[in-house]
Amino acid sequence: MASTELNALVLQGGGALGAYQAGTFSALDEAGFDFDWIAGISIGAINAALICGNRKEDRVAALEAFWDRITSNTPQSFGFWTASARRAFSEFAAAEVSMIGAPGFFRPRMPVAFWPFAPAPALSLYDTTPLEATLNDLVDFDLLNATGPRLCVGATDVETGNFTYFDSRDTRIDARHIMASGALPPGFPPVEIDGRFYWDGGLVSNTPLQYVMERAEGDAPLCIFQVDLFNARGGLPVDVIDVQQRQKDIQYSSRTRLTTDRYRQLHALQAAAERLAAKLPDTLKDDPDLALLREAGPSCPVTLVHLIHRKQGFEGGTKDYEFSRQSMTDHWAAGRGDVTRTLTHETWTSRCVGADGLHVFDLGTSENLKDPDHERL
């Protein structure tokens, strides 16, 4: 990019739908975007680690290797589907994953692990040891912590219920932190880090957007690409499968409006404090209460680009654990397509980089092209 704008990538949780994020990153990388800061939850944390833990020229290849590995149980690809056949295949693939797991990711525990009189009863349905091996194989954690983009991943403390972020600025990140962010119960076991046990960050918040916006530093313009896997907006369900899907969309969507509304309020408060300071005598301009108000909002202008995985016809309530090669390819392609539509849209190409306040763009799908969700503070 020609400007001094800093770029951040925010990746939501969503299991198998994470291939959409990999597709969006591949298109953004191809378009020349270099990210200074990447934050993720759950599968977003895994994708983030694959990006931050590889050299720039190897990042897309690392994502491809991961997604190829975990979808290798169903390698077939079909060029033609009826809608009902495609949906049936998707449901069958999800059922298969629930029974045998996903290679390089998780595998079912033996029934004996759930025997109530066992010395250490299982705390999850699946064993995620394969994921640890995959992460250590595909992620260079030395590079990630030394020279990679800043990485932040969120997890939930099992005992306190508090949300915790592991930030490479102050914590050495390893496979445990990434696995903790994606340890969704009861499927996956809690992960122990320094005597504390953690579950999936999505139990508290499925997006790290607020964390990034609250910790933006300096006055350089910040452009955040937020890649969501669950769409808050949707129609009335038409059957039970649709009900399950819509429930997950609502439960795990990012509530972006809440975060952006809060940002707007803080920005307005900060602007009011600046106006008030101009009216006060010099003896009051250094008042600590006024200083607190003047620092209420972020110090830099923010552009938020919202890329959202929208419902595809073959998806149902199992879409977040349907790890077929066919669906992975479809999701990857959807991510690339949404990036292309966003970056070529006239609203994006005519934007003013560094304009004060918050600017929100949601231009990723054809349904939004006539009336894009573009807001300006």
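Ala, Val, Leu, Ile, Met, Phe, Trp, Tyr, Cys and Pro count here as nonpolar, Asp, Glu, Lys and Arg as charged, and the others, Gly among them, as polar. With these classes, the residues lining the largest pocket divide into 20 nonpolar, 10 polar and three charged. The structure is a predicted model, in which local features need pLDDT of at least 70 and side-chain atom pairs count only at pLDDT 80 or more, while totals for chains, interfaces and linings use all residues. Residues are numbered from 1 along each chain as its sequence is written, and side-chain values use heavy atoms, with hydrogens and water left out.

Rolling a probe the size of a water molecule over the atoms shows where empty space is left. On a 1 Å grid over the protein atoms alone, a pocket is an open set of points where a 1.4 Å probe fits, with protein on both sides within 12 Å along at least five of seven lines, and lining residues have an atom within 4 Å of a point. Grid points are joined across faces, edges and corners, and the volume is the space filled by probe spheres set on the points. The largest pocket holds about 620 Å³ of space. Its lining is made of 33 residues, and those closest to the centre are Gly 15, Leu 184, Phe 188, Asp 320 and Tyr 321. Helices α2, α4 (83-100) and α9 (240-252) each give at least two residues to this lining. Helices (H or I, at least four residues) and strands (E, at least two) are DSSP runs, numbered from the N terminus.

Buried means under 20% relative accessible area, exposed over 50%, and partly exposed in between (1.4 Å probe, protein chains only). By this rule α2 is mostly covered, with 10 of its 10 residues buried; among them are Ile 43, Asn 47 and Cys 52. Helix α9 has 13 residues, and its end C-alpha atoms are 18 Å apart, in agreement with the 18 Å that they should span at 1.5 Å a residue. Such an expected span is 1.5 Å times one less than the number of residues. The buried residues of α9 are Asp 242, Gln 245, Arg 246, Lys 248, Asp 249 and Tyr 252. They cover an arc of only 160 degrees around the axis, so they sit on the same side of α9. The arc is that of the directions from the helix axis to the C-beta atoms. An α-helix has 3.6 residues a turn, so residues three or four places apart point the same way. What covers the buried residues of α9 includes α4.

Buried in α3 are Arg 59, Val 60, Ala 62, Leu 63, Phe 66, Trp 67 and Ile 70. Seen down the axis of α3, these residues fall within an arc of 160 degrees, so they line one face of the helix. Their cover includes α1 (19-30), α2 (43-52), α5 (129-138) and α12 (325-344).

Most residues other than glycine have a negative phi, and most peptide bonds are trans. Pro 185 and Pro 186, however, are joined by a cis peptide bond with omega about -5 degrees. Pro 186 lies in the loop between α7 and β7. Ser 42, in the loop between β2 (37-41) and α2, has a positive phi near 60 degrees. Asp 194 has a positive phi near 50 degrees and lies in the loop between β7 and β8 (196-200). Ser 42 is buried, with a relative accessible area of 12%, whereas Asp 194 is exposed at 67%.

Contacts (heavy atoms within 4.5 Å) link several of these regions. Asp 200, in strand β8, is buried with a relative accessible area of 3%. Beyond its neighbours within four places in sequence, Asp 200 is in contact with residues including Ser 42, Ala 180 and Leu 184. Ala 180 belongs to helix α7 and is buried at 0%. Outside four places in sequence, Ala 180 touches Ala 155, Val 191, Ile 193, Tyr 198, Trp 199 and Asp 200. Gly 187 sits in the loop between α7 (175-181) and β7 (191-193). At 15% relative accessibility, Gly 187 counts as buried, and with neighbours within four places left aside, Gly 187 is in contact with Ser 124, Leu 125 and Tyr 126.
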